[in-house]
Amino acid sequence: MSAQEKHIEQEQQPFNADVARLLDIVAHALYTDHDVFLRELISNSADACDRLRYDAIANPELISDNPDFRICVYKDTTTRTLTLVDNGIGMSHDELADNLGTIAKSGTAALMEQMKDAKGDDKLKLIGQFGVGFYASYMVASKIQVVSRKAGSDKIWLWESDGKSGFSIREPNEIEIARLDGGRGTAITLDIKDEACEFLLDQKITDTVKEYSDHISVSIFLGAPSIVAKDKDAKAINSASALWMKPKSDITDEDYINFYKHLTSNIDEPVMTSHWKSEGTIEFTSLLYVPMMRPWDLFDPSRKNSVKLYVRRIFITDNMDTLMYPWLRFVRGIIDSEDLPLNISRETLQYNLTIEKIKNAVARRILGDLDKLSRNDEAGFAAFWNQFGPALKEGLYDAPNHQAAILKVCRFYSSHDDGEKFTTLEEYVERMKDGQEDIYYISGDNVQSIKNSPQIEGLKSRGLEVLFFTDTVDDFWLQSVLDYKGKPFKSITKGDIDLEKFESDKQDEEKPEENNDEINDFITKMQDILDGKIHNIRKSSRLTNSPVCLVAPEEGVDMHMEKVLKINQKYQGSTKPVLEINADHELIKKLAAACSKGDNIDDAAYLLLDQAKIIQGSPIDDMAEFTRRMSEFMQKAV
Ligand code: ADP
Ligand code: MG
């Protein structure tokens with residue numbers, strides 16, 4: 001047989017059934033993003049280089065012709081082909097048939113079997129459990145040729161397929177052999193489909209490589225290997241070094257900041273940088289940053305996580321929502337997994353169990369680092385908290401398993417410093433008075449308006465501290481976090497609170513007991529007048545300086561919460577408030593006396609209610625009536 005005849009001799013083989021089905025899935029656009037084929041090919045080439053690099057430790061002669069590993073990518077517009085060449089480990093005849101003609105991974109066949117019957121989401125989950133890898137190239141190629149020489153062998157083979165019925169393997173001719181880099185490794189040539197012709201543009205190739213493979217450790221060059229080899233000034237497209245893989249001691253603060261800027265295009269500098277390697281049951285490295293400034297869309301519901309996911313230095317995606325908890329959506333940076341399969345679509349990777357584990361490990365780490373930051377850099381932490389506290393607090397109801405760690409870093413304004421300084425829950429608990437079982441709080445729109453609320457007076461006078469909750473989210477997490485270390489959160493604007501057991505600084509003032517009946521009659525009368533407008537009226541221990549205040553009934557919705565719910569239009573009903581009166585207040589005493597003499601107190605009753613509403617920031621029902629009553633009262637007084 002002549003050499004010429006030998007070239008033409010082909011063995012045609014059908015694809016194994018799994019591959020045929022897989023190719024069918026690929027053809028029906030498993031990946032929404034076609035660019036990924038290049039990432040897959042580069043990832044395979046980088047793997048091949050890594051493996052030969054390892055083998056060469058034992059057999060240095062394997063790379064004695066050229067110890068430098070590289071990947072070259074180039075287009076040929078006359079043949080409309082894109083070729084990717086590596087000088088890695090290569091494949092033998094049988095390996096070409098096995099690796100590119102079957103799906104070697106165990107269990108895949110069974111999975112494909114299940115897939116036949118699965119639908120929708122289930123199908124996606126199943127696909128997520130195996131890879132598409134090499135076959136992704138059939139999204140952009142009508143035919144693929146793979147020329148390869150296994151390291152250590154002198155046989156070169158060519159695998160070829162249109163990705164439909166099957167593949168053939170034959171010996172390549174001189175021109176085909178010349179595609180290899182110094183006769184070593186693998187050259188993959190794609191006949192680019194018309195609809196993917198953008199991959200015949202150098203710019204598109206460069207951009208895609210940069211986007212997906214900037215930090216893989218093998219250099220990638222644009223151009224045929226023979227040309228790249230001759231050009232001493234040839235520069236790699238990718239930076240070929242992964243910052244996060246370097247030991248911390250080799251990385252300067254400036255490196256970290258530059259990388260942050262490169263990643264985020266932000267102008268600020270991070271308040272916190274968290275670089276660590278997890279080496280437990282899951283192995284990954286993460287380099288994460290907390291920015292100084294809040295992004296404009298932090299509270300936009302469509303905002304996505306933007307932490308980048310890498311798998312063994314290969315970029316996978318920067319918008320996988322399942323990678324980070326939504327309440328950590330302000331965190332930027334990268335996570336590089338050693339365990340995840342590389343060659344599965346982004347869409348399906350998010351269902352992977354490893355992602356779930358990474359998400360939790362990262363959350364624990366970030367919360368731990370924030371706790372450290374709060375102790376080491378109070379000002380830095382305060383800046384963080386002002387920007388991102390409200391987002392973080394969403395985790396209190398979103399992730400019960402992280403609740404304790406989140407509560408630990410939570411900061412609140414409180415009556416302790418008159419709303420000037422942050423306090424932790426721990427500090428609050430330490431300051432609790434003997435006999436105090438509850439953590440008292442009041443919620444409102446801002447510290448200014450709530451720190452002077454009448455409802456606080458009685459607590460303040462008894463030295464009881466009240467936390468000020470001013471973020472909308474506070475009203476929501478309070479529904480699921482009922483206590484802190486066994487101390488229940490208690491709204492001071494809802495239900496009854498018994499403060500009598502705590503000594504008040506106003507207590508020494510002698511309390512005349514005799515007008516008790518008068519007051520009780522007054523309350524009954526008020527109740528008649530305001531019937532339908534309020535839940536009930538009662539004497540208050542919350543008040544010292546104000547005559548009246550409103551609170552929500554025990555079984556009702558907290559008043560600020562109700563306001564918030566109404567704004568968000570999630571709530572229609574309206575809880576009738578309890579009107580509490582200060583029986584020691586001069587005005588109340590005088591009105592009670594007048595009432596007992598038979599005076600009409602209708603207007604006074606309404607004015608008291610409206611006054612309580614005003615101080616609360618709630619609208620009053622009838623402005624015209626209020627003004628009329630007010631004027632009449634003033635007339636009488638003048
Ligand atoms: P995976 O990379 O997950 O194994 P792929 O479909 O991407 O799946 O590749 C299948 C196999 O083909 C690889 O495992 C590898 O053995 C082989 N292979 C692919 N590309 C190359 C290459 N450039 N050099 C050597 N072997 C390769
Ligand atoms: Mg692969």
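Guide: Happy to! A patch is built from residues with over 30% relative accessible area (Shrake-Rupley, 1.4 Å probe, only the protein chains shown as cover) and no salt bridge, joining like charges within 9 Å, or nonpolar side chains (Val, Leu, Ile, Met, Phe, Trp, Tyr) within 5 Å. A salt bridge needs a Lys or Arg side-chain nitrogen within 4 Å of an Asp or Glu carboxyl oxygen. Lys and Arg count as positive, Asp and Glu as negative, leaving out His and chain ends; charges sit at NZ of Lys, CZ of Arg, CG of Asp or CD of Glu.

This is a predicted model, with local features needing pLDDT of at least 70 and side-chain atom pairs 80 or more, while totals for chains, interfaces and linings use all residues. Residues are numbered from 1 along each chain as written, chains are lettered from A and ligands numbered from 1 in written order, and side-chain values use heavy atoms without hydrogens or water.

On the surface, Asp377, Glu378, Glu427 and Glu430 form a negative patch. Glu427 lies in helix H16 (residues 425–431) (helices: DSSP H or I runs of at least four residues; strands: E runs of at least two; numbered from the N terminus). With 35% relative accessibility, Glu427 is partly exposed (buried is under 20%, exposed over 50%, partly exposed in between).

Now the rings: the whole structure holds 22 aromatic pairs (Phe, Tyr or six-membered Trp ring centres within 6.5 Å; stacked under 30 degrees, edge-to-face over 60, otherwise tilted). Phe37 and Phe199 have centres 4.9 Å apart and planes at 85°, so they pair edge-to-face. Phe37 belongs to helix H3 (residues 36–58), and Phe199, 162 residues away, to the loop between strand S7 (185–192) and helix H8 (202–213). Phe37 is buried at 0%, and Phe199 is buried at 0% too. Trp159 and Phe167, with centres 5.8 Å apart and planes at 20°, are stacked; both are buried.

Definitions and conventions: Buried < 20%, exposed > 50% of the residue type's maximum accessible area, 1.4 Å probe, protein only.
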